[in-house]
Amino acid sequence: MRVTRVVKDAFTDWLSMKKAELRYNSRHWTVLCLHEVTDREGFATLLGELESRYKIVSLSEGFRAIKSGRVNAPLLTLTFDDGDKTVSKNCLPELQSRSLPACLFVCTGFVEAGFRDVSTGRYEVMSWDDLKNWAQAGLEVGAHTVNHIPLNQATMERSKWEILESKSVLEGRLDCPVRHLAYPWGYYTDELDEWLQSGDAFDTISTTIPGDNYPNARGKQIYRKPAPSIAGDVRKGLRNPTLYETVRAAHQRSILNGLAPVVWRLEQRDARR
């Protein structure tokens, strides 16, 4: 995708968001994206802050409210990507003690390996038993592909397999419906998104495009914001992005999108040698 089109689309998205913000004011749905959570006490404090500002709902409930237009108060949903072990240790008990919903997006390849590798090191992930405990607690599970690859640089056939295989394995192992998908790193192509939008495999498709979701939104895509730091200003951390931040986040359909996909491409090249 050309950079000029990415910037143009980002400006259009930002303008649309500002109009919705003015029109609906507090009638919006915020979806937060978290990964590892090493500070249980800090997470508990953050939950308290969020509960004082929002009605916390499941991903399914929030999406239904937005699609129907029946949003009478600010809503918020917690999502966790990659299934880090700390989510089971530190987050699940706090969520259960407050009877709060959340959605966990799982890479099945990570579960089989027992870890995930990122730029800062190797992290232990939740086991199948941990995931069963999560699902049996009534919390939602979503697909996050098998191998967490950048889907904007994979073939369409590979992308379909990564997505549908992840869904199939999760449903088979956990005996629960998997109706939600999150793009790894938020990266996708228009062709892939159109296929998912027209199909019935998933109800929602989560991105990492920061912003709130507003009533009467079209399609299945959901905007998600990174969770605010409890050490900082929570209100500021939950605000909608500036135009600059929106343009910077618009790389998710562009080839100019960071180091991780480049590393993946190098690994694929080396594997073919």
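Tutor: A pocket here is an open set of points on a 1 Å grid over the protein atoms alone where a 1.4 Å probe fits, with protein on both sides within 12 Å along at least five of seven lines; lining residues have an atom within 4 Å of a point. This is a predicted model, with local features needing pLDDT of at least 70, side-chain atom pairs 80 or more, and lining totals using all residues. Numbering starts from 1 along each chain, and side-chain values use heavy atoms, without hydrogens or water.

The second largest pocket holds about 610 Å³, the space filled by probe spheres set on the points, which are joined across faces, edges and corners. Its lining has 23 residues, with Ser16, Tyr214, Ala217, Arg218 and Tyr223 nearest the centre. Helix H1 (3–24) gives the most, 7 residues, while helix H3 (59–68) and strand S10 (221–222) each supply at least two.

At 1% relative accessibility, leucine 131 counts as buried (under 20%; exposed is over 50%). Leucine 131 also touches Leu104, Val106, Val111, Met126 and Leu174, leaving aside neighbours within four places in sequence, where contact means heavy atoms within 4.5 Å. Turned away from the buried side of H6 are the exposed Asp129 and Gln136.

Technical notes
Buried < 20%, exposed > 50% of the residue type's maximum accessible area, 1.4 Å probe, protein only. Helix = DSSP H or I, 4+ residues; strand = E, 2+ residues; numbered from the N terminus.
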